[in-house]
Amino acid sequence: MNKDSIPVMEEVYVSVKHHESAHCSCCNHDHAEKKRNIWIGGLGIALFLLTFISGVISEPYDIILYSIAYLLLGKDILQSAVSNMIHGRPFDETFLMAAATLGAFAIGEYPEAVGVMLFSRIGEAFEERAVDKSRGQIMKAVDLRPQSVQRITKKNDWETIPAAEADIGDILLVRVGDRIPLDGTVIEGRSFIDTSAVTGEPVPVLCEEGHRVMSGGINISGVLKIEVIKRLSESMVTKILESVETAAANKPKLDRFITRFSRVYTPVVVGIAVMTAFIPSMITGEWHQWIYIALTFLVISCPCALVLSVPLSFFAGIGAASKQGILFKSGNAVEQMKRIKAVVMDKTGTVTKGVFTVQDIIPAGSAESDEILRMCASAEQHSLHPIARSVVMAAKNKNLVLYKTVQNQEIAGEGIIAEIMGSTVSCGNKKLMDRCDVMVPVIQDPAYGSELFVAVDHIFWGRIIISDTIKPDAAAAVRKIHELGAVTAMLTGDSQDAAAYIARQTGMNEMKAKLLPQDKVEHMAALRKKYGPVMFVGDGINDAPVLAGADVGAAMGSGADAAVEAADVVFLNSQMSAVPQAMHIARETVDIATQNIVFALGIKAIIMVLGLFGYASMWAAVFADSGVAALCVLNAARMLYKK
C-alpha cells in the first residue's frame, strides 16, 4: 500500500503547475522507475517461488536466496521504516512489518518473512492499478490560459506574440471560433460570445463596440478587435485556475485509518513482544522459548491483512463504479462520499442538457403551429444565434420546407425582420415587436423558457417557447438522493425564473441563481455549515473552484476539462442518475472495508492472545496474517459482482 500518496486535490495543484512544462523529463523518469520496480519485484517473486516450491535447494543457499528475495520485495518498506525512525516517527505499519519479518528471519521462518513482503507488494500493486485505471480514463487538465495572442501592429497588420507579453492597451484580433484570450473592451466588430464556460449562463451574449469581454468566452459569430484591460496574470481564467489551486490547498484531508491505528497499535504490540521476551525469560531462564513466542507474536501482529484488504476494498468499489461510467479518482473520494449530507448542483449541463430546443408553439389566431414555425425558421435560417438554430432544427425535424427570403435585417439584441413571398416577417423579442408596432397579448402564466414572438405584416401570429431541456432522469435522481438521506440544492449563474422552474420540476430543496464562481463557493460553505459534508456536481470551468473546495467534487464527463480535472469523481455518461448511484456504491464500499478491518483485527486479537500463552504456532501466525488477508480479499472482490 502506498503510504506516501498525496491528497488528490494537491495532485490537481501539481498538475496545473506541471501543465506548463508538459514535456518535463520527470515523467519519463517516473515511467522508467516504475518499470525498474516491476522487474525487481518479478525477480524477487521468482527467487521466492524457486526456493519455496522446489525444496531441493539446500542450506545455506536457500537462506541466501530467501534473503535476496526478501530485500528485493521489501526494500521500500525497510527504507520507509528506517527513514521514519530517523525523522522521529518510529511507530508505524512499516516499522511493524519490518520488525515482524526480521523477527521471522531470526527464528528461521524465512518463507514467512518473504511471504509477508510479497503480500504487501501485491497490495501496493493493486492500489496502484486502481489509481492508474481511474486516472487513465480522466482527461488531462487543460489550462485555458492562451499560449499566444494575435496583436494588431501600428501598420494595421497583426503578429503572434506570447500571451504573457500582451500589455494593457494592446489591440488583439479575435476571430470566429477563437477563445477570448484576455479581459478587454471591444473597439471594433460585433459578435455573440459563448460565456458558459466562465459564468454558467447558457445564452450567448451580444458584444459590440464599447462592451467589455472576459477571457475564457468563445467568439461564435463575428471578428472582434479588443483592447486589453488586464494582463494574463490578472485575467478571469487565471483567477479561476488560482481559485482551484487555493481550494485544493484548503480542502479537508482524511488520514487513512491504518496509519492512525498504527500510531497506537504498533507501540503496544512491540511493547508486549518485548515484555514477553524478557520478563518470563528472566523468571524461568528459558530465553529461547520466550524469545520464540515473542517473535511469533510479532509475526501474528503484522498488519498485512489490513494493508492489503483495505485498499482492495476501495479498488473493488472503484472498479464496480467504473463499469457504470462513474470514475472515482481515489479511495479517499469514496470514503468522503459516504458521509455526504447535501448534494449541490449546477444547472446547465448538469441538471439540464445545455441544448436549446423548441418546447412549445402557441398560436395567437388562425395561424397553425407548423406554419408559425415554418415562417420563423425561414426568417432565421441564415442566423448564427443558437436560438435561431434551434428553430431551424425544429422545422427540419418536422420536414418543413423553408421559404426563400428576399432580404434579412438582423437587429442585434432584438431579432430578425425578413421579407418572405411579399410579406414582412418579424421574429424576435418584445423590443422587436414594439419596433414593428405589433401588439403582443399578455399570457397570465407564461411557459418556462425564452419567448420568440412571430408577426407577419405587423399582425401577431404567435410565440415559440425555447428553453434548455431538463435531463429525463433528473427528477428521479433527485428523489433517490433524498431517499439516501441527503438534501439537494442548485447553484447557478442562470436567471432567477429559469432556475426556479428547474428547481420546481426536479424537486430540489434549495436554489440560488445569478451567481458568479466565487459566489458559489460562499453559498456552498453556508450549506456545509447548515447540513454537513457537501458534494458539488458541475461541468464548466466556472465550477472548478467550487468543485475543488467541496468535500466531494463531481463533474459531468461532457463538461470542461478544467472541471473534470478539479473533480474527485467524474460521471462519464453525464447522467443525473449516476449521482445517487455513486453515493450507493461509496456506502457499500466503505461498509465492506469496515467489515474487513473488524474481521482482521478480531482474528488477530484471538490468535495473538493464544500466541502469548504458547498455543499458536507459526502456522497459526500464517493464517492470522496471510489467511485472513486472503479472506478479506475475497470479501472485497464481491463488490465487483454486485448489481
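## Getting to know this predicted model

The buried residues of helix α11 are Gly331, Ala333, Val334, Glu335, Gln336 and Met337, where buried means under 20% relative accessible area, exposed over 50%, and partly exposed in between (1.4 Å probe, protein chains only). This is a predicted model, in which local features need pLDDT of at least 70 and side-chain atom pairs count only at pLDDT 80 or more, while totals for chains, interfaces and linings use all residues. Residues are numbered from 1 along each chain as its sequence is written, and side-chain values use heavy atoms, with hydrogens and water left out.

**Confidence**

- The protein chain has a mean pLDDT of 78, and 77% of its residues reach 70 or more; pLDDT is the predictor's confidence in each residue, from 0 to 100.
- Confidence in the chain is highest in helix α16, at 95, and lowest in helix α1 (residues 8–18), at a mean of 35.
- Residues 1–27 have pLDDT below 50, and this stretch has 40 contacts in the model beyond near neighbours in sequence; a contact means heavy atoms within 4.5 Å.
- Residues 134–143 also stay under 50, and the model gives them 29 contacts beyond four places in sequence.
- Where pLDDT is low, the predicted coordinates should not be read in detail.

**Covered helices and a strand**

- Helix α11 spans residues 331–338 and is mostly covered, with six of its eight residues buried; helices (H or I, at least four residues) and strands (E, at least two) are DSSP runs, numbered from the N terminus.
- In helix α17 (residues 496–506), the buried residues are Ala498, Ala499, Ala500, Ile502, Ala503 and Thr506.
- The cover over those buried α17 residues includes α12 (347–351), β12 (352–363) and β17 (459–470), along with α16 (474–483), β18 (487–491) and β19 (510–512).
- Just after α17 comes glycine 507, with a positive phi of about 85 degrees.
- Glutamine 150 sits in strand β1 (residues 148–152) and counts as buried because its relative accessibility is 14%.
- Beyond its neighbours within four places in sequence, glutamine 150 has contacts that include Trp158, Ile171 and Arg175.

- Val274, Phe278, Met282, Trp287 and Ile291 make a nonpolar surface patch of about 500 Å²; patches are made of residues with over 30% relative accessible area and no salt bridge, with like charges joined within 9 Å and nonpolar side chains (Val, Leu, Ile, Met, Phe, Trp, Tyr) within 5 Å.
- A salt bridge is a side-chain nitrogen of Lys or Arg within 4 Å of a carboxyl oxygen of Asp or Glu.
- Helices α8 (257–284) and α9 (287–301) each supply at least two patch residues, and α8 gives the most, with three.
- Isoleucine 291 belongs to helix α9 and is partly exposed, at 36% relative accessible area.

How values were computed:
Areas by Shrake-Rupley, 256 points an atom, 1.4 Å probe, with all protein chains shown as cover.
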